[in-house]
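Biologist: Before we go into details, could you show me the molecule and then take me through how its packing should be read?

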Amino acid sequence: MTANRYQQLIDFLTQEVGISTESINIALKSCQQQQGPLPMILWQYGLITLEQLNDVFHWIETSFGPDETYNITINCEK
């Protein structure tokens, strides 16, 4: 995933979903250890609700192409 796309996801999470930067940083650390998709880690840690998780996945699907959607949901790295 390009750094620009990654930043778009982070911006969406902070501005539209209302997740704090602190919460995202916690999830990113866990994401790198567990090798899971960032939205799922946020949900597993109780940092977003199931409804918010669905909103995040919907945003990803409508904002990026199929290849980018796969990369953004699978990889936690910039």
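Modeller: Let us begin with a term: a nonpolar core is a set of buried Ala, Val, Leu, Ile, Met, Phe, Trp, Tyr and Cys residues joined through side-chain atoms within 4.5 Å, where buried means under 20% relative accessible area. Please keep in mind throughout that this is a predicted model.

Biologist: Which residues of the largest nonpolar core touch the most other members?

Modeller: The general idea is that, in soluble globular proteins, nonpolar side chains tend to be buried together. Here the largest nonpolar core has 20 residues, and those touching the most other members are Leu-9, Leu-13, Val-17, Ile-19, Leu-38, Leu-42 and Val-56. Two or more residues of this core are given by each of α1, α2, α3 (38-44) and α4 (50-63), and the largest share, six residues, comes from α1.

Biologist: How many helices and strands does the chain have, and what percentage of its residues count as buried?

Modeller: There are five helices and zero strands, so that, as the definition of these elements is applied along the sequence, the pattern reads α-α-α-α-α. The chain has 78 residues, of which 36% count as buried.

Biologist: How should I read the packing of two helices, and at what angle do α1 and α2 pack?

Modeller: Two packed helices are described by the angle between their axes and the distance between the axes. For helix α1 (residues 3-17) and helix α2 (residues 21-34), the angle is about 130° and the axes are 10 Å apart. That makes α1 oblique to α2, and their crossing is right-handed. On the α1 side the contact involves Tyr-6, Ile-10, Leu-13 and Thr-14, which meet Thr-21, Ile-24 and Leu-28 in α2.

Biologist: At roughly what angle do the axes of α1 and α4 cross, and which residues make the contact?

Modeller: The axes of α1 and α4 cross at roughly 140° and come within 11 Å. The two helices are therefore oblique to each other, because the class called roughly antiparallel is kept for angles over 145 degrees. The crossing of α1 and α4 is right-handed. From α1 the contact draws on Arg-5, Gln-8, Leu-9, Phe-12, Leu-13 and Val-17, and from α4 on Gln-52, Asp-55, Val-56, Trp-59, Ile-60 and Ser-63. The residues of the contact of α1 with α4 divide into seven nonpolar, three polar and two charged.

Biologist: What is the relative accessible area of Ile-26, and how do Ser-23 and Ser-30 read?

Modeller: Ile-26, also in helix α2, is partly exposed, with a relative accessible area of 44%. Ile-26 and Tyr-45 are 19 residues apart in sequence, and their C-alpha atoms are 9.2 Å apart in space. Ser-23, whose place is in helix α2, is buried at a relative accessible area of 16%, and beyond its neighbours within four places in sequence Ser-23 is in contact with Leu-42 and Leu-47. Ser-30, in helix α2, counts as buried at 7% relative accessibility; with neighbours within four places in sequence again left aside, Ser-30 is in contact with Gln-35, Ile-41 and Tyr-45.

Biologist: Finally, which residues does Leu-53 touch?

Modeller: Leu-53 lies in helix α4 and is buried, with a relative accessible area of 5%. Not counting residues up to four places away in sequence, Leu-53 touches Pro-39, Met-40, Trp-43 and Ile-48. Of these, Pro-39 is 14 residues from Leu-53 in sequence and 6.4 Å from Leu-53 in space, C-alpha to C-alpha.

Terms used:
Residues numbered from 1 in each chain as written. Predicted model: local features only at pLDDT ≥ 70, side-chain atom pairs only at ≥ 80, totals over all residues. Heavy atoms only, no water. Axes fitted to C-alpha atoms, helices over the stretch in contact; angles between N-to-C directions. Helix = DSSP H or I, 4+ residues; strand = E, 2+ residues; numbered from the N terminus. Parallel < 35°, antiparallel > 145°, perpendicular 65-115°, else oblique. Left-handed = near helix turned anticlockwise from the far one by under 90°. Contact = heavy atoms within 4.5 Å. Buried < 20%, exposed > 50% of the residue type's maximum accessible area, 1.4 Å probe, protein only. Nonpolar A, V, L, I, M, F, W, Y, C, P; charged D, E, K, R; others polar.
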